[in-house]
Amino acid sequence: MYIANEWKDYEIIDTGEGDKLERWGNIVLRRPDPQIIWPLNPSVQEWKNTDAWYHRSSSGGGQWQYSNKFPESWIIQYGKLRFQIRPTNFKHTGLFPEQAVNWSWMMNKIQNANRPIKVLNLFAYTGGATVACAAAGAEVCHVDAAKGMVQWAKENVKLSGLEDKPVRFITDDVFKFVQREQRRGNKYDAIIMDPPSYGRGPGGEMWKLEQSLYPFLESCKTILSDNPLFVLINSYTTGLSPAVLHNLLHLTIGSQHKGTITCGEIGLPITKSGLNLPCGILGRWESL
């Protein structure tokens, strides 16, 4: 498992009864997580000091229960990268902290490439990877179908002092964007994608990971440069094995470019128990 264990502004304090107790800066949130199927340890006093608790509704969705007043949004830091945190109506906070292992890996790849690197970040959400790649010196194209998420990403880039860096923000269906880049002849040295299990584009375009990911990778293969640096896939789809991502990368990117493929689970350490919480899977293709 790839563990994001270098955080100072974030930690999972404890887990149990389907919930995780997290510290985001100095604010403690309790949120549900389907992977947590073990009981809560009542001796962990921090469970009693939660600032907000997200309760799922039996009819879908849910709502926050606030114990203490705190700002609508606040800033946390990972190294020199800064991000705005804001609890949303869908339990999310605008950041997936386990992705820090990928940020560090990508930054290292870009900084050691010894050449200009052009990165395409697809399903780019609030721009964690965009911020990391821009900070490492890459030119970045950030694409997401949700206008609000793209605006949030712009704020994160600015927070990290990178507003003068070559970052292009696009609100669009990623499949259509990639097809247009094919026609325009645009190429990228690295492609990052964090596709949802299900989704719809701005025009109602349907995305279902099991049906869409292979043809999407085939499309992305055509816009890689002649000397690509890496391709990264993240997935939170329940039941999808890391070996599936390995096979997909082998059949698509690996059929055209020589490189190595590594796949596995991604996770976060749990302070009180010393266990690690699985948070999805990743697949990496990188040049030799």
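Guide: Cys-220 counts as buried, at 1% relative accessibility; buried means under 20% relative accessible area, exposed over 50% and partly exposed in between, with a 1.4 Å probe and protein chains only. The model is a predicted one, in which local features need pLDDT of at least 70 and side-chain atom pairs count only at pLDDT 80 or more, while totals for chains, interfaces and linings use all residues. Residues are numbered from 1 along each chain as its sequence is written, and side-chain values use heavy atoms, with hydrogens and water left out.

For Cys-220, the closest cysteine sulfur belongs to Cys-141 and lies 12 Å away, too far for a bond. Cys-263, by contrast, is partly exposed, with a relative accessibility of 23%. The closest cysteine sulfur to that of Cys-263 is in Cys-220, at 16 Å, which is again too far for a bond. A disulfide is taken to be a pair of cysteine sulfur atoms within 2.5 Å, and by this rule there are zero disulfides.

Cys-263 stands opposite Gly-283 in β17. Strand β16 (residues 259-269) is joined to β17 by ten bridges, and the two run antiparallel; two strands pair if DSSP finds at least two bridges between them. Strands here are DSSP runs of E of at least two residues and helices are runs of H or I of at least four residues, both numbered from the N terminus. Six residues lie between the strands in the hairpin of β16 and β17, where Gly-274 takes a positive phi near 75 degrees. β17 also pairs with β15, antiparallel and through six bridges; in that pairing, Phe-230 has Glu-286 of β17 as its bridge partner. Eleven of the twelve residues of β17 are buried, so this strand is largely enclosed by the rest of the structure.

β17 also takes part in the largest pocket, giving the largest share of its lining, four residues. A pocket is an open set of points on a 1 Å grid over the protein atoms alone, with protein on both sides within 12 Å along at least five of seven lines; a cavity is a set of points where a 1.4 Å probe fits but cannot get out, and lining residues have an atom within 4 Å of a point. Grid points are joined across faces, edges and corners, and a volume is the space filled by probe spheres set on the points. The largest pocket holds about 1,500 Å³ of space. Of the 48 residues that line this pocket, His-92, Phe-96, Pro-196, Ser-197 and Tyr-236 lie nearest its centre. The elements that give two or more residues to this lining include β3, β4 (27-32), β5 (52-56) and α4 (174-184). The lining residues of the pocket divide into 23 nonpolar, twelve polar and 13 charged; Ala, Val, Leu, Ile, Met, Phe, Trp, Tyr, Cys and Pro count as nonpolar, Asp, Glu, Lys and Arg as charged, and the others, Gly among them, as polar.

Three contributors to that pocket, β3, β4 and β5, belong to an open sheet of five strands with mixed pairing, in the order β2-β3-β4-β5-β6. Its edge strands, each pairing on one side only, are β2 (10-16) and β6 (62-66). β2 and β3 (residues 19-24) run antiparallel and are joined by six bridges, with Tyr-10 bridged to Trp-24 in β3.

β15, the other partner of β17, belongs to the elements giving two or more residues to the lining of the largest cavity, along with α1 (100-111), β9 (118-122) and α2 (128-135). The whole structure has one cavity of 30 Å³ or more, and the largest cavity holds about 190 Å³. Its lining has 20 residues, with Gln-99, Ala-124, Gly-128, Ala-129 and Asp-194 nearest the centre. Eleven of the lining residues are nonpolar, eight polar and one charged, and α1 gives the most, three residues. α2 is mostly covered, with seven of its eight residues buried; among these are Gly-128, Ala-129 and Cys-133. Gly-137, with a positive phi near 105 degrees, follows α2.
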